[in-house]
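Welcome! Please take a moment to look over the sequence and the 3D view before reading on.

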Amino acid sequence: MRYFLDTEFLWGGPIISLALVDHSGTRELYLARPDAVVDDRPWSDRAIEGFPINQWVFDNVLGIIDAGDAIAQRMPVSDWPHMIEEFLRTDQAPYITSDWP
């Protein structure tokens, strides 16, 4: 089955979120770091793993991680491989398409 993968990173820095959806749109995995949140601090005072957050990431990534029906499972990035394995486990030949090489 074909899956579509989208990820968000701080440019040159750590991953922020990951979405993996099957081609029919009926199954999805949506993961985010626990510290990828919008709070009362201005974007200019924020960093993830020491990498500063710019305003675009603050508005267009952090600001919409939990928008609409897509609510991310928040967990440490070290747990993500297990979650991806579980998501793909029943597919004998997954084909993943991403928007970035």
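Here is a short tour of the sheet, its strands and one loop.

This is a predicted model. Its open sheet has five strands in the order β6-β3-β2-β1-β7, and the pairing is mixed. At the edges sit β6 and β7 (95–98), each of which pairs on one side only. Helix α2 (residues 80–88) packs on this sheet.

**The helix on the sheet**
- Helix α2 touches β1 (2–9), β2, β3, β6 and β7.
- The direction of α2 makes about 5 degrees with that of β2.

**Strand β3 and its neighbours**
- Strand β3 (residues 28–32) is largely enclosed by the rest of the structure, because four of its five residues are buried.
- With strand β2 (residues 15–22), β3 pairs in the antiparallel sense over five bridges.
- Across this pairing, L20 stands opposite L29 in β3, and A19 stands opposite Y30 in β3.
- The hairpin of β2 and β3 has five residues between the strands, and G25 there takes a positive phi near 80 degrees.
- With strand β6 (residues 73–74), β3 pairs in the parallel sense over two bridges.
- A32 has R74 in β6 as its bridge partner.

**A loop residue to look at**
- You will find E49 in the loop between β4 (47–48) and β5 (51–52).
- Most residues other than glycine have a negative phi.
- E49 is not a glycine, yet its phi is positive, at about 50 degrees.
- Is E49 buried or exposed? Its relative accessibility is 55%, so E49 counts as exposed, the cut-off being over 50%.

Technical notes:
Residues are numbered from 1 along each chain as its sequence is written. This is a predicted model: local features need pLDDT of at least 70, side-chain atom pairs count only at pLDDT 80 or more; totals for chains, interfaces and linings use all residues. Side-chain values use heavy atoms; hydrogens and water are left out. Buried means under 20% relative accessible area, exposed over 50%, partly exposed in between (1.4 Å probe, protein chains only). Two strands pair if DSSP finds at least two bridges between them. Contact means heavy atoms within 4.5 Å. Axes are lines fitted to C-alpha atoms, for helices over the stretch in contact, and angles run from 0 to 180 degrees between N-to-C directions.
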